[in-house]
Amino acid sequence: MEKKIIKRNKTKLFFAFLGSVLFVVAGFYILDKPMKFLPGLENVVGSAAIVFFGALSVFAFLFLMNNKPAVIVDESGITDYSTSIGVGHIKWEDITGFTIRKVFNHRFIIVHVKNPEVYINKASGTKKWLRKRNNAMYGSPISIPDNNIKHNIDELYNLFLLEWEIRNGDKIA
């Protein structure tokens, strides 16, 4: 198989960065100007906006500056760098299947693996906690969102499925 490289969607990342920065500015505005409809809550709302969207803007900026591909598909498996909690390399023999899920208007591929704990424990701190949440909600710590990749999610799903079936056809029940 020829190595398939899936790039990041830098346009969407740019708009995520821009939107996050605007919400940070809005947070400072809320702190600076008392509002009639938020009496006493200005500090909480403004600070929360600055912290949350400030962190998002940092992540979006780092992803914009990073030229690493979002996903690599090759002979040995799938390498996932599509999100800040991407697990890295997943061997074909570790994969048990794929599903596509939709949350709000975002679709993503769930990569199901034999031992999710291995992939959860490769991380620490917040990354580990987020991978545990993914595993609890979707049955796997590994998800590849459509908004982070510059590729059709259905085509990527079919590529994953085809390559996995080629290597595991006799083992699929």
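Is Phe61 buried or partly exposed? Phe61 is partly exposed, with a relative accessible area of 39%; here buried means under 20%, exposed over 50%, and partly exposed in between, using a 1.4 Å probe and protein chains only.

Before going further, a word on the model. This is a predicted model, in which local features need pLDDT of at least 70, side-chain atom pairs count only at pLDDT 80 or more, and totals for chains, interfaces and linings use all residues. Residues are numbered from 1 along each chain as its sequence is written, and side-chain values use heavy atoms, leaving out hydrogens and water.

**Aromatic rings**

A pair of aromatic rings is described by the distance of the centres and the angle of the planes. Rings of Phe, Tyr and Trp (its six-membered ring) pair if their centres lie within 6.5 Å; planes under 30 degrees apart count as stacked, over 60 as edge-to-face and the rest as tilted. By this rule there are seven aromatic pairs. Here are two of them:

| Pair | Centre distance | Plane angle | Type |
|---|---|---|---|
| Phe17 and Phe61 | 5.7 Å | 45° | tilted |
| Phe23 and Phe53 | 4.5 Å | 15° | stacked |

Phe17 is in helix α1 (residues 10-32) and Phe61 in helix α2 (residues 42-65), 44 residues apart. Helices (H or I, at least four residues) and strands (E, at least two) are DSSP runs, numbered from the N terminus. Phe23 also lies in helix α1 and Phe53 in helix α2, so this pair ties together parts that are 30 residues apart in sequence. Phe17 is partly exposed at 23% relative accessibility, Phe53 is partly exposed at 22%, and Phe23 is partly exposed at 46%. Phe23, Phe52 and Phe53 form one aromatic cluster.

**Annotated spans**

The unreviewed UniProt entry annotates residues 12-31 and 43-64 as "transmembrane region"; such annotations may be inferred rather than shown by experiment, and their positions follow the numbering used here, with feature names shortened. In the model, residues 12-31 are 100% helix, with end C-alpha atoms 29 Å apart. Residues 43-64 are also 100% helix, and their end C-alpha atoms lie 31 Å apart.

**The nonpolar core**

A nonpolar core is a set of buried Ala, Val, Leu, Ile, Met, Phe, Trp, Tyr and Cys residues joined through side-chain atoms within 4.5 Å. The largest one has 23 residues, and Val71, Phe98, Val111 and Phe160 have the most contacts inside it. Helix α5 (153-168) is one of the elements that each supply at least two residues of this core, and α5 gives the most, with six.
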